[in-house]
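Dear colleague,

My notes on what was found in it follow.

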Amino acid sequence: MRTPFPARFFPLLFLATCTLAQTPAPTTNTHTDGQSSGSSTGGAHAAVLDAEHRPITAGGFVKTGPVIFQDVADKSGLATWTHKMGSPEKNLILETVGSGVALLDYDNDGWLDIYLVNGSTFDALAGKGTPPHAALFHNNHDGTFTNVAEKAGVTNDRWGFGAVVGDFDNDGWPDLYVTNFGKNRLFHNNHDGTFTDVAEKAGVAVGGWSTGATWGDYDGDGKLDLFVPGYVHFDLADIPGQKGSTVSQIAGCNFRGVPVMCGPRGLKGEVDHLFHNNGDGTFTDVSKKTGTGDEHGYYGLASVFVDVNNDGKVDLLVADDSTPNYLYLNNGNGTFEDASFASGYALNESGRETASMGIAVGDYTHNGLLDLYNTTFSDDYKPLYRNDGDGNFTDISYQAGIAEPTVPFLGWGTSFFDVDNDGWLDLFTVNGHVYRGVDGQNWGTTWAQRPLLFLNHKGKLTLAPAVEGTGLAKVATSRGMAFGDLFNDGKIDVVVNNMDSPPSLFRNVVDTTNHWIAFKLIGGPKSPRDAVGAQVYLTAEGFRQRQDIIAGGSYASSPDQRPHFGLGAATKIDALEIRWPDGTRQTILPPTDLDRFYTITEGSAPKPMK
């Protein structure tokens, strides 16, 4: 049994915050302490400027260099849609967090479509205005997309934050769970291009403020269960910081001595929910029974079910804003062990909680263990947690040489994927601030920020240059991000949901002759049909790669669920193994034809996709 982090050390976790407050926040987050506010960071850092005296978050560009992404949002048709969240001034925390994106093949035509969550306005909530609509962009197979959200019945029309894809009824068609401020939606796929919201009937509407949910079969019964993190308890009738509010006494509500919107610290947190899939279209809340109910009321923003200790059972990670992160290890009996502190994942290297926004998961060193990366607030480095085995992690950000470049950035969506098909997972992050007045300060950070890409050179991560006019030099207020092969050309692309702006579609234009292979997995009768939770191991070019099928992670987003492997210069695959969610291990005769997609049904040989 792991020994929890001693409670007497909790005050040490809050000493490094750069908010005005100096009194430690309690482990249970309420709005009544009157002492703590804002976001936990690493303390004020000196401004980092480029050669033209611009903050590095919106500068540092180079004239020439390798071109990796081009933003084709205009050309593809995605720029016809705009995200909207609250007022331009962003005086309230509800207006600043932003929304996610999900990639799914909703019509089963073999091409990824794009779902973009939208926010809302206070007028719309009050019934005085038309709510902004979410978008469902159908892939036209020619590089363009058409918004069919209204026809499909998935406009949401609520104050939206996250979206996650999972075939919860095992009918072979992807369903979509959308989280909101207010009730959530579970869009069931009707197999005809339309969806029906069944959240109320299913018992997963929740209410409150939900964020980055995740699907996973935690009890091994072959049906996807649903975890929904809660963020801040926000009451429109009792708005923080406003005159007459019961939460107006929060000390500070400032950043570096400048007044800013209140929260999250100092506000009450929403609890988390784990819903067990009953197999009849309904779910049962088992949060308390399983030990995942978040009794501390931490501020959850992202989550993902994935097997971090290689015991064949999916564990649960939760990225919490300005409070310790959660790592729940699956006991295999329908319950979880809270190993957050004992594992090393709850805090960073300094023993301090971070304002965690997003989670990236991947075996970037080819040792068969999944490493973790969390995006955090500006004035703080972003921790890279090395998996040491048995569910233990070490923050190696500074050892890896990737900590300092991230300090000025405020990170959101993040993922590991192989951008150049060399067989090594790269690390991508999108960024954007939450304080609207930050451009008027000399802090070396900005409201709109460029993305960061760390290229993996045989286990060593190095920052890719931001070439002018390319995707890596795109300055935006980015939030949600999902990756996938949108053009079925063997290259991983990225879709980004930008605050109060059109989205970005970063098409992968890397000039490479490296080979690749990708799979669509179909689970057997004892596994989820979409194979969420499966692990695929491929050996080629002298090393073994691992890819896990996940539903969630990043920030409030959901990626391509087709495992994709870059093969470098290899012309053949030496070994291929799948560990299915039901525990079956299948050794597969590798396909000889590369640079294409294959379908693998559990227990069967690969079949080329048309």
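How many helices and strands are there in the protein? There are seven helices and 39 strands, where helices (H or I, at least four residues) and strands (E, at least two) are DSSP runs numbered from the N terminus. Please bear in mind that this is a predicted model, in which local features need pLDDT of at least 70 and side-chain atom pairs count only at pLDDT 80 or more, while totals for chains, interfaces and linings use all residues. Residues are numbered from 1 along each chain as its sequence is written, and side-chain values use heavy atoms, with hydrogens and water left out.

Along the principal axes, the C-alpha atoms fill a box of roughly 65 × 55 × 55 Å. Of the 610 residues, 63% count as buried, a term that means under 20% relative accessible area, with exposed over 50% and partly exposed in between (1.4 Å probe, protein chains only). The accessible surface comes to about 20900 Å², and 51% of that surface belongs to carbon and sulfur atoms; the areas come from the Shrake-Rupley method with a 1.4 Å probe, and for residues only the protein chains shown count as cover. Among contacts (heavy atoms within 4.5 Å) with a separation of 6 or more, residues 24 or more positions apart account for 62%.

The structure holds one disulfide, defined as a pair of cysteine sulfur atoms within 2.5 Å. It is formed by C253 and C262, whose sulfur atoms are 2.1 Å apart, and the link is right-handed, with 110 degrees about the S-S bond. C253 counts as buried because its relative accessible area is 11%, and C262 is likewise buried, at 9%.

The aromatic residues deserve a separate paragraph. The structure holds 34 aromatic pairs, where rings of Phe, Tyr and Trp (its six-membered ring) pair if their centres lie within 6.5 Å, and planes under 30 degrees apart count as stacked, over 60 as edge-to-face and the rest as tilted. One of these is the edge-to-face pair of Y345 and Y385, at 5.1 Å centre to centre and with 70 degrees between the planes. This pair links distant parts of the chain, 40 residues apart, with Y345 in the loop between α6 (340-343) and β21 (358-362) and Y385 in strand β23. Y345 is buried at 0% relative accessibility, and Y385 is buried with a relative accessible area of 0%. F519 and Y598 form a tilted pair, 6.4 Å centre to centre with 40 degrees between the planes, and they too link distant parts of the chain, since F519 lies in strand β32 (residues 515-522) and Y598 in strand β38 (residues 597-601), 79 residues apart.

Finally, S378 lies in the loop between β22 (371-375) and β23 (384-389) and counts as buried, at 1% relative accessibility. Its side chain is joined to that of H433 by a polar contact of 2.9 Å, a term for a pair of N or O atoms within 3.5 Å in which, within protein, one must be able to donate a hydrogen and the other to accept it, residues adjacent in sequence counting only if both atoms are side-chain atoms. Leaving aside residues up to four places away in sequence, S378 touches T41, F255, V407, P408, F409, L410, H433 and T445.
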